Amino acid sequence: MADDTVTTTRTDRVLASVERVGNRLPDPFLLFLGLFLLVGLISTGLELAGTSVTIPGADEETAVRGLFTGEGLAWLTVNLGANFIGFPPLVTVVTILLAVTVAERTGLLSAAIRASLGSAPRWLLPYAVGFVGVNASVMADAAFIVVPPLAAMVFKAAGRHPIAGLVGGFAAVGAGYSTSMLVTSLDALFAGITSSVTAGLPDPGAAVTPVSNLWFNIASAAVLALVAGFVIDRLVEPRLVREQAPVDMVESDDEVAPAAEGTEDVAPALRATPTDLSPHLDPAERRGLRIAGLVFLALAAVIVAAVLPGGSPWRNDEGAFLPESPLLDSTVFIVFVLFLGPALAYGFVSGSLRRAADVPAVMGLGIKDMSAFIVLAFMLGQFIALFNWTNVGSALAVAGADGLESIGLTGYPAIIGFILLASVLNLFIVSGSSMWTLMGAVFVPLFALLGYEPGFVQAAFRVGDSATQVITPMNPYIWIILVMLKRYEPEAGLGTVISRMPPFVVPFWISWVAVLTVFYLTGADVGPGVGIRIQ
């Protein structure tokens, strides 16, 4: 798909090599099946060799157990279903997804974004796009489809360069995908994976929940939004003006999204992500947003009133909320309610929901969209469970910790090295859940042995997981943004898109690491009850 004239540069040749290597990676399901078998072989060999390790804090040595032994095969046959159903992200992500899907399909999320961007003054638009884009991960992958073209339209309407809005919106969404000022399904997904790893540690530190990185996420989102706005305003748009990039869209017929199979009884407007990207809201949408906002405030007030009294059942035995309490364990419920309540209000007021039966039908669409992940979760659950049961992760963690200590790399430089590794791997494995499953299984125990909270390690992973994903051909949405860009520049190729991303990637990476460094140096909690070091 790349234009021949833009693949002759050194940068494009490097990116072409990345694409070739990335294309050789198998499907994620097959990738983790291979890793499952590899861990099985390694664990069996280590058990036959009588390998055991001493984990700091444990009273006895921990022996490595092999999969391809009588005990190991019996474990697998007994626990195959439990490994899948017990995979923590299934509990959290699928539940939250039910509510987020209603908010997305009714048009609430799209309308909220359009209202926030459409009312921004001309000089503030780049920063508004940065803020909305960085926080748009609450819409999951739909953000890649909704935010960039909307930003382009808003820029065009304000007399600014539409391509600056397009590429700026894409960069803000992609390079800042792992953070948001709101709790998202990604927080639940990461927390579930981290918790499944820490379950086998003698000292797992503070419990990791969907809000364990909340303070870090809020600070990161604020900083990255400002950085994105500055880059759009001072670097990207002036370059487009100097290059005399076209500002008018090439005329094309509008495409209508087909109805998903089995959704004939669902209102047509709910069958696909809302495609009305006009920055202006009609009266029904405005009325729906007002009512949805009031419902959100009312629900939040009820929750606060329920948990604030001293005798609240959502407090722990000491009458507090930290480090653990029923309130923190209710995060999934709180996020579910705060999304579903306003979404229902918006849907019925705006008319996107016509009857009560539309609600479960729309929830079903969300599960259908999630089917690929559910299939992958079967293999991820087996891999994580095997990694924990065999104690291979513990052995690698002890060996890695000893190796870092032997070269004196046990402090913050080790964290920076970890982020760099994640940034490189992100060029090949753009799925955050897949990469965190792989890296978390090794690095969470490793850094726990060095005294770092798993929640802090998870926060560090977020930097590497997002900053570089807008410059890799392995990101499927880079091809979608290329199609959008061709509406303005018919001759644009992959190199055109990628050449406009480095002004975002480098500042994002540096700024995000700087935020993490501030938390590290000050010792501030990255989330409620989650510090830097294990106490």
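This is a predicted model: local features need pLDDT of at least 70, side-chain atom pairs count only at pLDDT 80 or more; totals for chains, interfaces and linings use all residues.
Which residues does Ile419 touch, not counting residues up to four places away in sequence?

Residues are numbered from 1 along each chain as its sequence is written, and side-chain values use heavy atoms, with hydrogens and water left out.

Now the answer. Ile419 touches Ala460, Val463, Gly464, Trp509, Val513 and Leu516, where contact means heavy atoms within 4.5 Å. Ile419 itself sits in helix H17, residues 412-425. Helices here are DSSP runs of H or I with at least four residues, strands are runs of E with at least two, and both are numbered from the N terminus. With a relative accessible area of 0%, Ile419 is buried. Buried means under 20% relative accessible area, exposed means over 50%, and partly exposed is in between, using a 1.4 Å probe and protein chains only. Ile419 and Val457 are 38 residues apart along the chain, and their C-alpha atoms are separated by 9.5 Å.

Several of those partners turn up again in a helix pair. Helix H19 (residues 454-466) packs against helix H22 (residues 502-522) at an angle of about 170°, and their axes are 9 Å apart. That makes the two helices, H19 and H22, roughly antiparallel. For the terms: axes are lines fitted to C-alpha atoms, for helices over the stretch in contact, and angles run from 0 to 180 degrees between N-to-C directions. Angles under 35 degrees count as roughly parallel, over 145 as roughly antiparallel, 65 to 115 as roughly perpendicular, and the rest as oblique. On the H19 side, the residues that meet H22 include Ala460 and Val463. On the H22 side we find, among them, Trp509, Val513 and Leu516.

Let's step back to the whole chain. The protein chain has 22 helices and two strands. Of its 535 residues, 54% count as buried. Among contacts with a separation of 6 or more, 79% are between residues 24 or more positions apart.

Next, helix H15, which covers residues 371-390. Its 20 residues should span 28 Å at 1.5 Å a residue, and its end C-alpha atoms are 29 Å apart, which agrees. The expected span is 1.5 Å times one less than the number of residues. H15 also has a kink of about 25°, centred on Ala377. The bend at a residue is the angle between axes fitted to the seven residues ending there and the seven starting there. Because 14 of the 20 residues of H15 are buried, this helix is largely enclosed by the rest of the structure.

Most residues other than glycine have a negative phi. Asn391 is in the loop between H15 and helix H16 (392-406), and it is buried, with a relative accessible area of 13%.

Leu80 is another one to find on your screens. This residue lies in helix H3, residues 70-85, and at 38% relative accessibility it counts as partly exposed. Leaving aside neighbours within four places in sequence, Leu80 is in contact with Phe378 and Gln382. Leu80 and Gly381 are 301 residues apart in sequence, but 9.0 Å apart in space, C-alpha to C-alpha.

Last topic: charges. Side chains of opposite charge can pair when their charged atoms come close. We call it a salt bridge when a side-chain nitrogen of Lys or Arg is within 4 Å of a carboxyl oxygen of Asp or Glu. A search of the whole structure finds seven.

How far apart in sequence are the parts that Asp233 and Arg160 tie together? First, their side chains meet in a salt bridge at 2.6 Å, N to O. Asp233 lies in helix H10 (residues 214-242) and Arg160 in the loop between helix H7 (142-157) and helix H8 (162-175), so the pair ties together parts that are 73 residues apart. Arg160 also forms a salt bridge with Glu237, with the closest N and O atoms 2.5 Å apart. Both Arg160 and Glu237 are buried. Together, Arg160, Asp233, Arg234 and Glu237 are linked in a network of salt bridges.
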